Every structure is written in structure tokens, then in C-alpha cells.
2 protein chains.
Amino acid sequence: MSKRFTIHDIAERAGVSRGTVSRVLNNHPAVKETTRRKVLDVMEQVNYRPSFSARHMRTDNSNLVGFGLISHDVITSPHAVDMIRGAQEALWNIGKVMLVINSASNSDMTQTAFEAMLERRVEGIVYGSVFHQPIDLPFDSVDTPIVLANCYARNREYPSVVPDEFAGGYNATKVLLEKDHKRIGFINLGISRSGSLPPQDATKGRLAGHKHALKEFGVPFEEELVRYTDFETQTNFNLTKELMQLGNPPTAIFCGTDRIAMGCYGALQSMGLNIPNDVAVVGFDNQQDIGIGLLPNLTTIQLPHYEMGRWAVEYLMENKDNAVEPVQHKLDCPVVRRDSV
Amino acid sequence: MSKRFTIHDIAERAGVSRGTVSRVLNNHPAVKETTRRKVLDVMEQVNYRPSFSARHMRTDNSNLVGFGLISHDVITSPHAVDMIRGAQEALWNIGKVMLVINSASNSDMTQTAFEAMLERRVEGIVYGSVFHQPIDLPFDSVDTPIVLANCYARNREYPSVVPDEFAGGYNATKVLLEKDHKRIGFINLGISRSGSLPPQDATKGRLAGHKHALKEFGVPFEEELVRYTDFETQTNFNLTKELMQLGNPPTAIFCGTDRIAMGCYGALQSMGLNIPNDVAVVGFDNQQDIGIGLLPNLTTIQLPHYEMGRWAVEYLMENKDNAVEPVQHKLDCPVVRRDSV
DNA sequence: TTTATTTTTGTGATCGATCCCAATAAATCT
DNA sequence: AGATTTATTGGGATCGATCACAAAAATAAA
């Protein structure tokens, strides 16, 4: 392991003072071109890199942002990466980097994770959840700004950004209504086998959006057309069949998840029904692998994970100093049009 | 934004010296219990947190490990999170945290990412790829240890950990052979529409493993049973049909990807064939959403993303100082038994 | 050429911890 | 009680940068 050079070593080798080296480092204008070159050459030669910690101490600028990800232990949604990516790219543009800590949903770990971030003097913290849910932050309000992504504090004490579930439900339903579907089945999120509750915000928000779209198009809402799944594939399959065996079966089905849509496809195809001619299907989540893996490709609703990560960081950076009223922001869930409608 | 307290402030308020506060902080035994309590109380009261940067400067211990993720721009595999998780959890256990930089496959960005990490004096760097592939590191060898995960340096200059594709192909085929299948179709990775090549290591390794298993069971290998997909769903669908329309059709199909398996399921079901009774199917990747979303649930091969992340960090920590001969490690791709075989 | 200006460079203090060693306090032994 | 030991505590130096100010060098003006 070769020696690590300091600004002092560089100064010595270049025959100048530390101050001058520092000036070159921060390309301060008051340094003669010949000197600058000389210093730069030495740096290059010994592969010098300034110490961020030393800089940080003196300048109080860590250029670091913490990203804590609460991943519900059950399943780590593949979408989580998108949120991380969104946040990271936003930071990258302003020359900052990201400290990532994945804390399961274990409050003890979260506490420690938080401390690790604060000790590093992160400029802010994005606390993201794998599922859209209300959370209780397991620590007191600190003087480091926090933004919640894909979750929100029950008491609305912190700014947050979440998907607009209502809009999602509305958009999904509208896509179908615009194709003249009048009877639309809806397989919504329910209680999973393991007993864990679905995100209420998602379940209720989407249903409300669904109803709103129906009303807008003058189509009556009928209770028998909405079902709740426990997320088991077999259930999704069965619920689809049940819907299709109704006296007056739907001509379109809105599935609360792309995974549900998979089961739905299976059921419809096993009944010899054609998608989208006999029955149209709309999913929710836009999981790449499912959406374009199904035949016909699935029309679905996009959950704005990337955008939430991005938004969270941008908000953080803008409101670093002035503690304004915490915003509860919602991001649209746009339609991804493919071939199932 | 409230004042940030330093060790000096604490010392003053507690009526002791900086040295004593430092001792309390590092729970050094030589501190009288009453003093310790007094100091701890003050810390608690003002919500003091030591500065990692200051500590780092003095102790030369950053407790930081960099994680660079090359995500091929085309698609960000959902698996990437698992690698990050594996690495992070391994670090967490030894009290270190992770700096994550996602660098696309842009070498300019990678260079900068690397510098950001080095300036922060990370103890080591894990450089992970979303796809199993050979890479050329866009920077010179530095004195910070590096481990490659899910990729390897063309010149084997760095230690790396990758999935054992051969074992994967072998395991997948063996699962079928053990159920007495003698004619096994294989839809392997081919050239994608966009012209991008599939990872050669995966394609060839799996084929080799496949052949090896056949040989072991005394089943002749037949060229007509292996096909290459361009990853389009329609192609996967068609290739499956082609295989089934062979004079002597296979009784089982090994798909190079769970996504391919989806298309395969679609084709088989549209032909009225039952899985696994008429035709057994094995996938590859173990993408949660697909595997258990399909009916019957898909038997598949697990790509060890989590394990690679973990392995990389552990290797890094063990071989921090002594630069041993770089290991090229392979991790098994175990079978995930479900209901399609 | 001398003096006044403007550029460029050098230095000591500083950021917030740790560490070592000397000083003080407390405890133990004659 | 006085001398020794041992347990605590205090304070200067240090890590590697930046910064403000003074000093020196280079230019311009008189």
C-alpha cells in the first residue's frame, strides 16, 4: 500500500507553500500559470487526492446526502432501485454523493442507521419506503432536513412525496372507458395470506379514482365488480374467473398490480378469451419484466419511483436552510399504453 | 438550524476537559463513573454527535466502503438491489456504511465516481455490474482494493465474484433429467433486437452445463432442441411452438430466463398443454414476481446476486492490506423448486 | 530610478476529534 | 502522618485541508 500524499507533500515537491497548493486545488485565480502547472504536474505524478474529511472539517461542507431505505422485510420490491437511482442522479448533477443504508423495517437498525448518517454530517436525509405507507419515524426531529419518499409521517410533520393513487386509479379506469367499456371489473389489493395489510392509501385511493372516472363517464358503479385479492396467484386466477362468470360479465378488468394481471391473463386465456378483444386488461406498477413479458404486452399504470427519488432530493436541496411548511407532494401515475386495451 | 456542538462545548458544559469527553466517547475504562455520567448527560441533553470527519482525520479510519454499480443503460435489472443489499448487510455487521454510486455504463461518469470515492478514503470498492460480463476498468490500478461483482476484468487483474453459469445450466437440466425427461428443449440467450450481445459467459456456460448434465445421464445432445431468442416476447412464444412442433417434441423446456419462461408458458397454454404434466419448464434468474406469478409456479435457477454482494465485501475486508493473488470466485446457482417440473 | 500598485506566495490559526504524557487526586502501605 | 502506587484528568500536538493576513515579487506610475 503506497504512501498517501498530503497537501504538504505536494507543496514540498513542487517547491511552493501549502497555501498555493490549496489555491490550485480550488482553482483560485490568484496563482501564476507556471506555478499552477508545476503543482498540477506533481499531483498527477504522485496520484494525489485531497482528503474529503479534512476539507469537510474546515469548510463544513460534506457534499453527502443520506438515503435510508426501509425495505419491508417480506419482499424487496425491484422498484426500490429506481428510487435510489432517481435520488442519486439528482445528486450527481450537483456534485454530491449518496450514503445508502437499507434498514429493513427494524426500528433499532433504523435508529443506528440514522446516527451513522448524522455523524457523517449528511446535508439531508431521504427516507424511502418500498411500499406506500404511513410511518412513524423512530427518532426525534433533528436539525438535519428529512424528506420521506413513498411514505409519509402520520402527523405530517415531515415533507413527503408519494404516488397519487387516486390519479392512478382514475387514469387506469379512464383508459378503459375511452374504449367504450361500460362494465369494468376491478381486482384491488386486499389482505395478504400472511395477514399483512395492504397499503390503505393505495387500496382506497385507487378505488376512489376508479369511481370518479366512472362517474365522469356516466357509468354506474357496481359493487359486484370489485374484488380484493390476497396476492396469491391462484386467488388472482380465481377472482378473474368469478368476475367472468357473473350474469353480466365485465368487458375489461383493472388489476391493482401487474402481478395480479398475470393471474388474470392466465385465467382469461384458459377460458379461451382473447385480450384485448374479448376482455381488456390494465395493470398497475409497470414492472418491466411483467408488462412486456406478457402477450399481448400489458397496458399499465406507472408508479413514479424514479421520480420520487429525484423529487425528494431536489426538495431537500432547495429547502435546506429555511424550514418551510412541510409539503405533502403527490406525483402522477401515468398510463403506459401497450396492447392489452 | 440549531448550533452544532463539538467536543469542546461538551467539555465546557460538563466542567471537564476535552480529553475526558473523548475518553467517554470511546468508552475508555479510565474514567470515573460519576464523571462519565455527567458527560453522558450533557451529550444527551444537547443531542451531541461526534463528527466522523474529525475522527477520520485523526484515526485514519473512514469506516466507509464504496459501491459502484454499472447499470447497463438499457434496462436496470431489478436484481441490482439484491447485490446492494448483500453488500450493505455484510458491511453493517462490521459497523461500516456504504457509499453508493450508480454509474450507468458511461466511463466518464465512472471515472468521476471513482474519484469521489477515493477522496472520501473508502476502505475498498465493490464494482458491480447488472449483467455478468467482462469489463475494462476505466482507471489505473490504485492503492484502494477493488472487488468486481457479477463481472470480471478481462485481464483478471482484480478479484471478482460471478455466478457459476455452468453449474446453473447443469442444475437446471439435472432437475429435468431426474424426472426422467429425455428430450429437453433449451431456449438460450441470443442476440437482442437492438443488436446487443448476450453475456457470452452466460450463454456458453449454461449450454456447457446443460450438455454436461445430459452426458452424465447418458442422454444424447441434439442440436435441433436448442434455440436462441432475441428476448422479444413474441419470439419466446414462437420458439416454444417451433420446439413443440418438432417431429419428436421435447417433454421439457429449459428457458434461459424467467422472462423467456413467461413466453413459453403462454405458448404451451395456448396449445392446450398442461405444465408440468405434458411439458415441464425450468426458468433462470428467479425473479420473484415472475416465478410465483405464473401458474403453476415456476421452478427456476437462482442467480446469487445477494450472495455476490456479500461475498465481495467479505473478501474486501479480509484482504484489505495484503495484496494476494486476485481470486476469480464463482458462486453456485441453486435450484428453486416450485411446481413447473 | 524611486515609489505606488497590483499579483502572487507564505504562514500561523483553525476545524473537531484523538493521543500521549505530565499533573493531580485518590487509595494503599509503612 | 508521610511515602508510594494507582486511578483520573488536563492540555499541547496532530491529522490534512482552508482561510485571512502579511510578506515578497512583479508591474505600473511618477
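Chain A has twelve helices and twelve strands, where helices (H or I, at least four residues) and strands (E, at least two) are DSSP runs numbered from the N terminus. The radius of gyration of chain A, taken over C-alpha atoms, is 26 Å, well over the 20 Å that the globule rule (2.2 Å times the number of residues to the power 0.38) gives for 341 residues, so the chain is more spread out than a compact globule. Along the principal axes, the C-alpha atoms of chain A fill a box of roughly 90 × 40 × 40 Å.

This is a predicted model, in which local features need pLDDT of at least 70 and side-chain atom pairs count only at pLDDT 80 or more, while totals for chains, interfaces and linings use all residues. Residues are numbered from 1 along each chain as its sequence is written, and chains are lettered from A and ligands numbered from 1 in the order in which they are written.

In chain B, the axes of helix α1 (residues 7-14) and helix α2 (residues 18-25), which are lines fitted to C-alpha atoms over the stretch in contact, with angles running from 0 to 180 degrees between N-to-C directions, come within 8 Å and cross at roughly 105°. That makes α1(B) roughly perpendicular to α2(B), a class that covers 65 to 115 degrees.

Around DNA strand C there are 26 residues, the closest being S17(A), G19(A), T35(A), T6(B) and S22(B); a residue is near the strand if its C-beta atom, placed from the backbone, lies within 6 Å of it. To this surface α4(B) gives the most, with five residues.

Terms used. Angles under 35 degrees count as roughly parallel, over 145 as roughly antiparallel, 65 to 115 as roughly perpendicular and the rest as oblique.
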